[in-house]
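Let's walk through this structure together, one region at a time. Have the sequence and the 3D view ready, and follow along as we go.

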Amino acid sequence: MELCLCKIPNTFGIEVTADRFLEYDSEEELKELIAAGRIAVPYLHVGSGSNLLFITDYKGTVLHSRIHSIEMTAEDKENVWVRVGAGVVWDDFVAYCVDRRWYGAENLSLIPGEVGASAVQNIGAYGVEVKDLITSVETINLEGEKRIYCVDECGYAYRKSVFKQPETKSLFVTYVNFRLSKKEHYTLDYGTIRQELARYPQADLHTLRRVIIEIRQSKLPDPEKLGNAGSFFMNPVVPRMQFEALQRMFPTMPYYDVDARHVKIPAGWMIEQCGWKGKALGPAAVHEKQALVLVNLGGAKGADIVALSDAVRASVRKKFGMDIYPEVNFIGN
């Protein structure tokens with residue numbers, strides 16, 4: 001499907017258009033688009049626009065995958081291997097796994113976006129990152145050539161992957177391959193999961209998914225009602241010595257151990273300490289329940305969100321002596 005001057009889907013609810021909007025239903029159709037020269041530079045591949053902030057209209061071609069298949073490719077006594085189309089809605093895939101009692105993805109419930117973007121972004125929540133489930137990522141390049149990246153080639157780290165590097169941004173993710181466990185196990189020691197789970201008489205996979213969804217809904221606004229991209233900033237990971245110096249100044253500072261030498265500090269806590277929680281700057285605001293989230297109060301443009309982001313970052317830098325960086329990708333000038 002091809003549309004001209006089409007609105008670009010984005011969860012911030014910002015009114016922006018692309019010169020052309022192309023969708024494809026298979027790898028073969030994508031290769032045909034490439035061979036016909038219909039994907040001209042500049043171009044941008046999007047999912048549901050859940051991690052994008054458009055500053056201006058996009059003067060180029062926006063592409064979107066409609067590869068919606070989910071296929072179990074192998075299984076043994078302990079695991080199942082599943083090949084999932086990049087266009088599958090991420091939370092639909094999580095629900096699919098939970099319904100089949102496949103363990104591993106449940107803590108990533110209700111994260112917005114699509115499966116292809118999950119592999120690019122290395123989404124994570126409540127002690128789980130998608131890299132822990134991925135076995136390989138299938139791609140097509142701008143010459144129509146296919147390459148499969150095994151997980152060790154993906155360069156995964158906190159909200160990072162090889163697919164976000166400039167030299168690989170010409171790759172189109174078509175399928176993501178996952179390994180899920182058939183053995184019952186849960187990741188519960190993060191945030192208030194155990195506390196919330198204790199309210200239910202039976203703790204099983206469906207119950208845990210429900211709890212994760214309830215926790216997210218209690219903190220994060222629904223993009224259909226209040227435009228946002230979820231967590232706007234990444235949590236900074238700092239050397240332990242730097243953290244200990246900060247902790248002496250701010251004894252109540254929460255943290256998570258990353259390894260023996262590094263500590264993760266919640267950016268939302270720092271933003272809240274700077275007085276930004278619930279505060280607006282024009283039509284953009286810091287969410288009243290979760291300071292890590294910037295929201296569109298109505299009619300905001302990309303520049304309004306950027307101005308708020310810059311102001312928040314400046315406050316954190318002044319108070320804590322460190323930079324926090326957007327997790328959201330800025331598109332345009």
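In which sense do strand β18 and strand β19 pair, and over how many bridges? Strand β18 (residues 284-286) runs antiparallel to strand β19 (residues 293-296), and three bridges join the two. Before going further, note that this is a predicted model, in which local features need pLDDT of at least 70 and side-chain atom pairs count only at pLDDT 80 or more, while totals for chains, interfaces and linings use all residues. Residues are numbered from 1 along each chain as its sequence is written, and side-chain values use heavy atoms, with hydrogens and water left out.

A word on terms: helices (H or I, at least four residues) and strands (E, at least two) are DSSP runs numbered from the N terminus, and two strands pair if DSSP finds at least two bridges between them.

Strands of a sheet pair through backbone hydrogen bonds, either parallel or antiparallel.

What about the side chains of β19? Val293 and Val295 point one way, Leu294 and Asn296 point the other way, and all are buried (under 20% relative accessible area; exposed is over 50%, and partly exposed is in between, with a 1.4 Å probe and protein chains only).

Next comes the interior. A nonpolar core is a set of buried Ala, Val, Leu, Ile, Met, Phe, Trp, Tyr and Cys residues joined through side-chain atoms within 4.5 Å. The largest one has 46 residues, of which Leu53, Phe233, Ile271, Ile305 and Phe320 touch the most other members. Its largest share, six residues, comes from α8. Leaving aside residues up to four places away in sequence, Leu53 touches residues including Phe12, Phe232, Ile305 and Phe330. A second, separate core holds 44 residues, among them Cys97, Ile111, Ile134 and Tyr200.

Finally, consider the charged pairs. The whole structure has 20 salt bridges, each a side-chain nitrogen of Lys or Arg within 4 Å of a carboxyl oxygen of Asp or Glu. Glu15 and Lys7 form one of them (3.1 Å, N to O), and both residues are exposed. Arg159 and Glu129 form another (3.8 Å, N to O). Here Arg159 is buried at 10% relative accessible area, and Glu129 is buried at 16%. This pair also belongs to a network of salt bridges that links Glu129, Lys131, Asp132, Arg159 and Glu327. A further salt bridge joins Asp257 and Arg240 (3.0 Å, N to O). Asp257 lies in strand β15 (residues 256-257) and Arg240 in helix α6, so this pair ties together parts 17 residues apart in sequence.

Terms used:
Contact means heavy atoms within 4.5 Å.
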